[in-house]
Amino acid sequence: EIFQKLLTDWATGTNSVDVGVFASGWGVELVSAGLVENLDSYIEADDKIDLQDIAPYFRDFNQKVEGSTYFITLDGDFQMMYYRTDVFEENGLEPPKTWEEYLEVGAAIHGQDMNGDGEADYGSCTFMKRNAQSYFAIQSVAASRVQSKGTAEGLYFNAEDMTPKINNAAWKRAFEIFKASIEFNPPDVLNHDIGDTRALALAGRCGMVIDWGDIGPLSIEEGSQIKDKVGAIMMPGSMEVLNTETGELEACGADNCPHAVDGVNFAPFAAFGGWTAAISNTLDDQKKQAAYDFMSYMNQAEQSNVDVTMGWTGYNPYRNSQLDDTALWVEAGFSAEAAENYLGAIKASLNHPNMASDFRIPGAQQYTAVVLDRELARYLAGEITVDQALENIEEGWEEITEDFGRDEQAAIYKLSLGITN
């Protein structure tokens, strides 16, 4: 809703908003429409923002479109998996390396009392509510089967002709895994959004949680039942990946899974990409400078290095100084061990050569938050089969691509993956 309101406000010339904050991938549409200010000259004159301290992914990818900076990062987002270290230790379990292991572990610990209140708790807590965040979670499940040859391969389309890579065995298996996990989630999981799952996790009721970086700082806040009892790992992977020519799955090998570890392909998903800010280019010069100064202040280490350690801000680390210095996190209330584990999982994801990027083309919100979200919800509710869901998504994505222009979308999609030829 935020993005659509902002897009309408700026596209219609209403201009009641000076600065917009949104998912970085959605901002490409604003740049394409010529609605936001190019920030290159502002940054060149800014001696406080310290761009080199911003992690390369956010500095060179999230903030830029076609080589120019249009956005200022306020938040760094990847999805990770969290697990209860005490519950796993008591059950002699290791964190899952594959999504099949995730299903096994979730079923094994489901129903145990994990917070000592005498009630049965849940193997996993996942947000599956329609019109919320479930479309991000399903992409985390699918990524390791769909993408195996590096970030430039991409999750969504054939980069040459924008043919969707959605109606195939990899996405089908991901949908099936996601639905199978309902068995060890809370009984009303189809009505849960991120706020519901976090409340359950902090109450000590979840053996595993799929989430962004927020669980780390939230776990140390007053009232949390999981302080120093939660570990973080890069998202599970897969031992089979998509053959794009046949649409089927095949076992990982040296050629098709060059980044695999012990036969497991990992593809941590940069879900949402983090909150980023942009300035309406209709402002006068004085307001533009004031807006930029505020955005820069929010981004600068002196302010942001405190913000990211507090769960209530919703901001996750994106600067090297935030990721490398555990003292910030220990001072905030983490144990040294918990801080090292939390930051280690973020860095492992951020630096992975097969990191999967979120949508960064015009219509990004329509492709995922509308079409993918709607058909996933219908499948989870039993209204349609998995095959029908994937066919509907493929059709919907094709329509969006045609609306924006296939050639234009292909050119931007290539750039979003770092393909320059």
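## Close-up views of a predicted model

**View A. Ser68 and what it touches.** Setting aside neighbours within four places in sequence, Ser68 has contacts with Asn38, Asp40 and Gln63. All of this comes from a predicted model, as do the views that follow. Ser68 sits in strand E3, which covers residues 68–69. Its relative accessibility is 17%, and because buried means under 20%, Ser68 counts as buried. Look for Leu39 here too: its C-alpha atom is 7.6 Å from that of Ser68, although the two residues are 29 apart along the chain.

**View B. Trp397 in the largest nonpolar core.** This core has 83 residues, and Leu30, Phe157, Phe175 and Trp397 are the ones that touch the most other members. Leaving out residues up to four places away in sequence, Trp397 touches Tyr156, Phe157, Pro164, Ile166, Phe359, Tyr367, Val371 and Leu372. There's also a second, separate core of 49 residues, with Phe58, Leu202, Ala338 and Met355 among them.

View C. The whole structure has 30 aromatic pairs, and here are two of them. Phe58 and Phe78 have ring centres 6.1 Å apart and planes at 80°, so they pair edge-to-face. Phe58 belongs to helix H4 (residues 56–62), while Phe78 is in the loop between strand E4 (72–73) and strand E5 (80–84), 20 residues apart. Phe58 is buried at 1% relative accessible area, and Phe78 is buried at 6%. The second pair is Phe157 with Tyr413: centres 5.3 Å apart, planes at 85°, so again edge-to-face. This one links parts of the chain 256 residues apart, with Phe157 in the loop between helices H7 (134–146) and H8 (169–180) and Tyr413 in helix H18 (residues 406–416). Phe157 is buried at 1% relative accessibility, and Tyr413 is buried at 2%.

**View D. A ring cluster, and charges over rings.** Ring pairs join Phe3, Phe22, Trp26, Phe71, Phe127, Tyr135, Phe136, Trp212, Phe272 and Trp275 into a cluster. Elsewhere, Lys179 lies over the face of Tyr379, 4.5 Å from the ring centre. Arg360 does likewise over the face of Phe61, at 4.8 Å from the ring centre.

**View E. The buried side of helix H1.** In H1 (residues 2–11), the buried residues are Phe3, Leu6, Leu7, Asp9 and Trp10. They span an arc of only 165° around the axis, so they end up on the same side of H1. Their cover includes strand E1 (19–23), helix H2 (27–32), strand E11 (275–279) and helix H16 (364–380). After H1 comes Gly13, with a positive phi near 80°.

**View F. Salt bridges.** There are 19 salt bridges in the structure. Glu240 and Arg145 meet through their side chains at 3.3 Å, N to O. Glu240 is in strand E8 (residues 240–243) and Arg145 in helix H7, 95 residues apart. Arg145 is buried at 1% relative accessible area, whereas Glu240 is partly exposed at 27%. Asp387 and Lys172 form another salt bridge (3.4 Å, N to O). Asp387 lies in helix H17 (residues 386–404) and Lys172 in helix H8, so this pair ties together parts 215 residues apart in sequence. Asp387 is partly exposed at 36% relative accessibility, and Lys172 is partly exposed at 27%. Then there's Glu383 with Arg378, whose closest N and O atoms are 3.6 Å apart. Glu383 is exposed at 53%, while Arg378 is partly exposed at 25%. Shared partners also join Glu100, Arg145, Arg173 and Glu240 into one salt-bridge network.

Conventions:
Residues are numbered from 1 along each chain as its sequence is written. This is a predicted model: local features need pLDDT of at least 70, side-chain atom pairs count only at pLDDT 80 or more; totals for chains, interfaces and linings use all residues. Side-chain values use heavy atoms; hydrogens and water are left out. Helices (H or I, at least four residues) and strands (E, at least two) are DSSP runs, numbered from the N terminus. Buried means under 20% relative accessible area, exposed over 50%, partly exposed in between (1.4 Å probe, protein chains only). Contact means heavy atoms within 4.5 Å. A nonpolar core is a set of buried Ala, Val, Leu, Ile, Met, Phe, Trp, Tyr and Cys residues joined through side-chain atoms within 4.5 Å. Rings of Phe, Tyr and Trp (its six-membered ring) pair if their centres lie within 6.5 Å; planes under 30 degrees apart count as stacked, over 60 as edge-to-face and the rest as tilted. A charge sits over a ring if NZ of Lys or CZ of Arg is within 6 Å of the ring centre and within 35 degrees of the ring normal. The arc is that of the directions from the helix axis to the C-beta atoms. A salt bridge is a side-chain nitrogen of Lys or Arg within 4 Å of a carboxyl oxygen of Asp or Glu.
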